Number of protein chains: 6
Amino acid sequence: MRQDGRSKSEIRTVNMIPHFTKYAEGSVLIAMGDTKVICTASIEHRVPPFLRNKGKGWLAAEYSMLPRATAERTVREAAKGTRTGRTMEIQRLIGRALRAVIDLDKIGERTLWVDCDVIQADGGTRTASITGAYVAVVLALKKARDEGLITKWPVKDFLAAISVGILSKEGAVCDLCYEEDAKAEVDMNVVCTGSGKFVEVQGSGEEAVFSEAQLTECLSLAKNGIRTLIEEQRAVLGDAVSFIDTAANGDGSYE
Amino acid sequence: MRQDGRSKSEIRTVNMIPHFTKYAEGSVLIAMGDTKVICTASIEHRVPPFLRNKGKGWLAAEYSMLPRATAERTVREAAKGTRTGRTMEIQRLIGRALRAVIDLDKIGERTLWVDCDVIQADGGTRTASITGAYVAVVLALKKARDEGLITKWPVKDFLAAISVGILSKEGAVCDLCYEEDAKAEVDMNVVCTGSGKFVEVQGSGEEAVFSEAQLTECLSLAKNGIRTLIEEQRAVLGDAVSFIDTAANGDGSYE
Amino acid sequence: MRQDGRSKSEIRTVNMIPHFTKYAEGSVLIAMGDTKVICTASIEHRVPPFLRNKGKGWLAAEYSMLPRATAERTVREAAKGTRTGRTMEIQRLIGRALRAVIDLDKIGERTLWVDCDVIQADGGTRTASITGAYVAVVLALKKARDEGLITKWPVKDFLAAISVGILSKEGAVCDLCYEEDAKAEVDMNVVCTGSGKFVEVQGSGEEAVFSEAQLTECLSLAKNGIRTLIEEQRAVLGDAVSFIDTAANGDGSYE
Amino acid sequence: MRQDGRSKSEIRTVNMIPHFTKYAEGSVLIAMGDTKVICTASIEHRVPPFLRNKGKGWLAAEYSMLPRATAERTVREAAKGTRTGRTMEIQRLIGRALRAVIDLDKIGERTLWVDCDVIQADGGTRTASITGAYVAVVLALKKARDEGLITKWPVKDFLAAISVGILSKEGAVCDLCYEEDAKAEVDMNVVCTGSGKFVEVQGSGEEAVFSEAQLTECLSLAKNGIRTLIEEQRAVLGDAVSFIDTAANGDGSYE
Amino acid sequence: MRQDGRSKSEIRTVNMIPHFTKYAEGSVLIAMGDTKVICTASIEHRVPPFLRNKGKGWLAAEYSMLPRATAERTVREAAKGTRTGRTMEIQRLIGRALRAVIDLDKIGERTLWVDCDVIQADGGTRTASITGAYVAVVLALKKARDEGLITKWPVKDFLAAISVGILSKEGAVCDLCYEEDAKAEVDMNVVCTGSGKFVEVQGSGEEAVFSEAQLTECLSLAKNGIRTLIEEQRAVLGDAVSFIDTAANGDGSYE
Amino acid sequence: MRQDGRSKSEIRTVNMIPHFTKYAEGSVLIAMGDTKVICTASIEHRVPPFLRNKGKGWLAAEYSMLPRATAERTVREAAKGTRTGRTMEIQRLIGRALRAVIDLDKIGERTLWVDCDVIQADGGTRTASITGAYVAVVLALKKARDEGLITKWPVKDFLAAISVGILSKEGAVCDLCYEEDAKAEVDMNVVCTGSGKFVEVQGSGEEAVFSEAQLTECLSLAKNGIRTLIEEQRAVLGDAVSFIDTAANGDGSYE
């Protein structure tokens, strides 16, 4: 039994409010327990220099935390004048994960800007950001399709992410809250598609190591949690679901 | 008649959700029409170097906008590595305004950090930030008092802010939305206390000038709007209201 | 009676040396008492990106203090690698004030760069900068007109600025020196045109508040001081005076 | 058969020159094929602020590439004034990996600075950095022990890293050179201990996804390659080998 | 004959106004022809970290140009957020030169801050800065001695600097104005003491080379020019002259 | 006799390994005693903005030290986000020196990027950088000529650099190691061509001064040392030697 009463495979209550802000082409407020992230997707009608005149698009992600998203106030990166390594690593991960399921050849010379701003942080902010950002991006692309900006549907599959970890007492558990995360010996972030394929597997033991058996157990917990998250995404994506299902081999079933 | 049907003295619908985030000592989500700002107040148990060992506290404010708070995506200040002049000016204004009604001798060697993060911007973000930040600060100080951190009540009066402006067609109007702001010839931001005194008056004509009569009309509209805002603050501040009223000469009435 | 023997409405001795440096299109050394500022106006034959191909010009201002303009040596902003909020706020104010009386449609696709470098600071550096910068800009534009670079006279009116403040003992006074400024309860900066209209009114009480009556008294002192400053500007502007008078409805009289 | 004639499980020729520079407490030049990295370990007799007065040490890593380590000259990060996300991510990985096998409680209040400077880059620079940095750190700690600076041996196990990837034609291969890396669909970096436990598993498909079976195959190739690397480390570490073997349960055998 | 009628060994008209600003402990406005520099010396009652608790002082110099000191407006270094290599090189030179004649053991744990701000630049700004900075420093130290802050006189000798150069037509000339400097094949900056010793010799041919004979001729011109400058310094230094003469072996004669 | 047994005119053992790295157009590892620098020359097919469309090329140099090139670890400039004044000064010197013997009109609109990365520092890193960079540049240009990129030979003469200094005990000595450099009263860096002309003479006494006789003695030692260095350059430059000799008046003899 975990500190908040969940079983080891149980994820926290997920809540997504689509169209959370009025200007972004796509937006969602995602809550996984007390972790809350505003995700927006913006469409810019140009690409970075290295892609110009190649007829394809780009997707870039940025991640940030409000100063008081955390128990202690964090200094703003704008005040320091530079972004931390942690921020850089997270926004690279978000962008890479999303690009795995978006066919950028189909959006023209445009950039999808994904912004994940953490309002409240209780563990798993990077995976909640990916899960929410996917929804924001799909909503933005659905709008672009409805307006005739794009003619071919670029989203190849569903995508969600979850954290798993190994605690000394509870063993492997899924979707760690901050307190669990702080004491975990092994920390893993897993990103999967709707068809159950891996997009990212990042496992790390800061002061510990892990065996192949432990890795296998963690990955199984992760896949299970991601399956639930994708069901939640389906519930808020409305019309766009059928487009994705069609792109993902006609059924979009999870594995 | 204004574009959204309001009279010239009418402010937009105000909505404040106190205790919006769980970690900050005080927090509120303030909405004035489509302008939405998360305001938090944090108590740090030390002061900046220039105040050390003087037995008094400090209040510092920071202001930021999410990239997609605006119709076009704005580049993050953390990405540019520097804050714009506009941001600097606004956060100096917020801090200065709040310090006018907080007796910093009564909070000990602590810093009140005020963070105003604009989620959605439709004009008047700096004045909404001040009105919301005041609520967050009072909630934080009430909590500090309840926990015995401070023993003397430091808030001397209510405080709220509003924008007024002069349009070529409509004349002087109160609480401009973005579209009105963009075409205003004169732009004014006014901060008042609950007793109707001025804390800040900032009037500026970018490509126009204004007479003393116009200034007087604007200030009258501003005072009227601020009176309404302070009523809204009273409604969400609960127990803290009586502390403020007592500090403000026993009645706290507006003028 | 004030500490330096002035009456409450009396401004300090003003001294302006036009053509102070040889390269700038317009320049002046302005002294208001011990406050001394070198103001230059430079004409650059291009505009910032947001104005390109619109056939109109721009005016941008920068403000800085020599490290030893102050009683204690101040660290250079170039050494810190960033400009303070105070500097940003002041240079935004200078630019905005000047743009109110210059018709930028009449200078073509050019930028007027205004540089205000404080050599010695004894209070009122931002208002002295505006008063001096106006002179530098007019000299630069007169030169541009004489050389045929511009054909329509773009300066619509005179412009000057002064500080006013409220001291606990002396009450409202005009043109504060540093010592007065340091103990003022309310601090106001006012920018007016030659025809007595307001361009900027910035009043602020850091640890105090002020009433409408006090505001009115301050504005009256400010207008009076600005009238004197504009007389001084007339004395150093030579031929350009008649151009400005003509643009300001044939007489250029102050109210 | 791969482009350079290697089998899919074969790693490139490894060459390590210990004591490559004269000032660092430990240093090595590691070459894996054409990838060449200078790794140094420095002992600083203080710890970062967050660890002060806790009686334990810290290990921090930095990574950089000479401008002409690459086929096209890269702009120096010192010239840009900021480090890229890639650099940040890599140096965080190197530090985290090494901390997994160093017992920082046993080095006192000291910081082990690990510097990995890539002289020539032909794929796998981050894994070569980890493998080389481990050697530099052990040499530095052996020296510290010989000099009596530390009394308990802090290195708990061997540590090395390798890249694996999935190519469309060749399938899963071990230790990719730059050309292979550029066309790999899935890219994986694996860090293991001498006892065959995982320290880090980072698998990522930028425009592709991967199955659990593919992950398993990659991990097997990685473990195999790392076994060879650890044999090379043994050959250059001299006396220190027996200390590590003793710490790693008396034998230090690989799985 | 040179373009401005000077002989090859003739320096431009020198003018120094001591006590130019009121706050600095020592200050001077130096003009060499149209090159004008405000030099101030400030005494700070602490030293940089590397000198703490060693009972000796430090001297640091900073150099800057007003944006419109030059024919074309230069971007401020504070706006760029970084200082150019040229600025860094010049301020290192100024500091090093002055430290050669100041005995820092005699000023206690204090820092002499030297600020050289170029108001107008017509060649030779770095050498004019050194010549003027020397005067500012002596005035500041004389004041410190008069006030009893220091008891031993720390200035060991006079110090001044001049530029020399080789032009294709005129040959070697002394004290180049901007136009001469722009076409010089060899550019030399020389700093000497009152007793005719070298403190700095920096000779450089950007697209040319120079022989030992040419070097000798240049150095002779430089020494001659510096002799004249030191006479000018004597004229403005008043009482301090005898202190310096005494320190410089009783006579202070040049060579 | 010097501390390492050398005579006052004797330089340390020089060792140059040409073609040290595989990607750069030209590269060398130069060792002067324990000072070791990797020098590379890269050809970029464009020029900086100020030279565009003028049909001539540019040469730019960058200099850096590995953190542990020194006895104590130095903080990386990329970590500080800015380059020190020392670095700026050195890379300006390297670039200026090389441009004196390269005819940039003959390389077309290209930039020669010279990178000097100090692996190990034992005094004289800037002069070793110049001597090595010259070799790297000649190798790169020889390759460019062999490939037909350039048709006219742009290298006008040999170029090398050495340090000289004056020690209180030993007097003037050539090619100082770190320990000698640290105690030198006068420090000089001299750059000469193969024909014995000066390109740069930089002499500086931080806490001392020097006479013309001392300068002359130092320059003589420098020329002598440089003669030896140029012999070493000849030995590693192969075919390119005859091109340089031809350009340098048919013989390339030293003085």
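The exercises below, each with a worked solution, concern the contacts between chains in a predicted model.

Residues are numbered from 1 along each chain as its sequence is written, and chains are lettered from A and ligands numbered from 1 in the order in which they are written. Because the model is predicted, local features need pLDDT of at least 70 and side-chain atom pairs count only at pLDDT 80 or more, while totals for chains, interfaces and linings use all residues; side-chain values use heavy atoms, with hydrogens and water left out.

**Exercise 1. Describe the interface of chain A and chain B**.

Step 1. Start with the residues. Contact means heavy atoms within 4.5 Å. By this rule, 34 residues of chain A are in contact with 35 residues of chain B.

Step 2. Take the area. Buried area is the accessible area (1.4 Å probe) that two parts lose on being put together, summed over both. Between chain A and chain B it is about 2800 Å², and carbon and sulfur atoms give 51% of it. A:Tyr23, A:Arg68 and A:Arg76 supply 27% of the area that chain A buries against chain B, more than any other three residues.

Step 3. Count the charged pairs. A salt bridge is a side-chain nitrogen of Lys or Arg within 4 Å of a carboxyl oxygen of Asp or Glu. Chain A and chain B have 14 salt bridges between them. One of them joins B:Arg76 to A:Asp117, at 2.9 Å from N to O.

Step 4. Count the polar contacts. A polar contact is a pair of N or O atoms within 3.5 Å; within protein, one must be able to donate a hydrogen and the other to accept it, and residues adjacent in sequence count only if both atoms are side-chain atoms. The interface of chain A and chain B has 22 residue pairs in polar contact (both at pLDDT 80 or more).

Step 5. Place the residues in elements. Helices (H or I, at least four residues) and strands (E, at least two) are DSSP runs, numbered from the N terminus. In chain A, β3 (35-44), β4 (58-65), α1 (77-80) and β5 (111-120) each supply at least two residues of the side that touches chain B. The largest share, six residues, comes from β5(A).

Step 6. Sort by residue type. Ala, Val, Leu, Ile, Met, Phe, Trp, Tyr, Cys and Pro count as nonpolar, Asp, Glu, Lys and Arg as charged, and the others, Gly among them, as polar. The side of chain A that touches chain B divides into 15 nonpolar, seven polar and twelve charged residues.

**Exercise 2. What rotation superposes chain A on chain B****?**

Step 1. Superpose the copies by least squares on the C-alpha atoms of residues with pLDDT of at least 70 in both. The rotation is 180°, with 0.0 Å of shift along its axis, and the RMSD is 0.0 Å.

Step 2. Compare the contact residues. The same surface serves both copies, since 100% of the contact residues of chain A recur in chain B.

**Exercise 3. Describe the contact of chain D and chain A**.

Step 1. Each chain gives 35 residues to this contact. The area that chain D and chain A bury between them is about 2900 Å², 49% of it on carbon and sulfur atoms. D:Glu89, D:Phe198 and D:Glu206 supply 20% of what chain D buries here, more than any other three residues.

Step 2. There are six salt bridges between chain D and chain A. One of them pairs D:Lys223 with A:Glu212 (3.5 Å, N to O).

Step 3. On chain D, α2 (85-99), β9 (198-204) and α5 (212-237) each supply at least two residues of the side that touches chain A. That side divides into eleven nonpolar, ten polar and 14 charged residues.

Step 4. Look at the strands. Two strands pair if DSSP finds at least two bridges between them. Strand β9 (residues 198-204) of chain A and β9(D) run antiparallel and are joined by five bridges. A:Val201 stands opposite D:Gly203.

**Exercise 4. Which elements hold F:Glu62 and D:Arg73****?**

Step 1. The side chains of F:Glu62 and D:Arg73 form a salt bridge (3.1 Å, N to O).

Step 2. F:Glu62 is in strand β4 (residues 58-65) of chain F, and D:Arg73 is in the loop between β4 (58-65) and α1 (77-80) of chain D.
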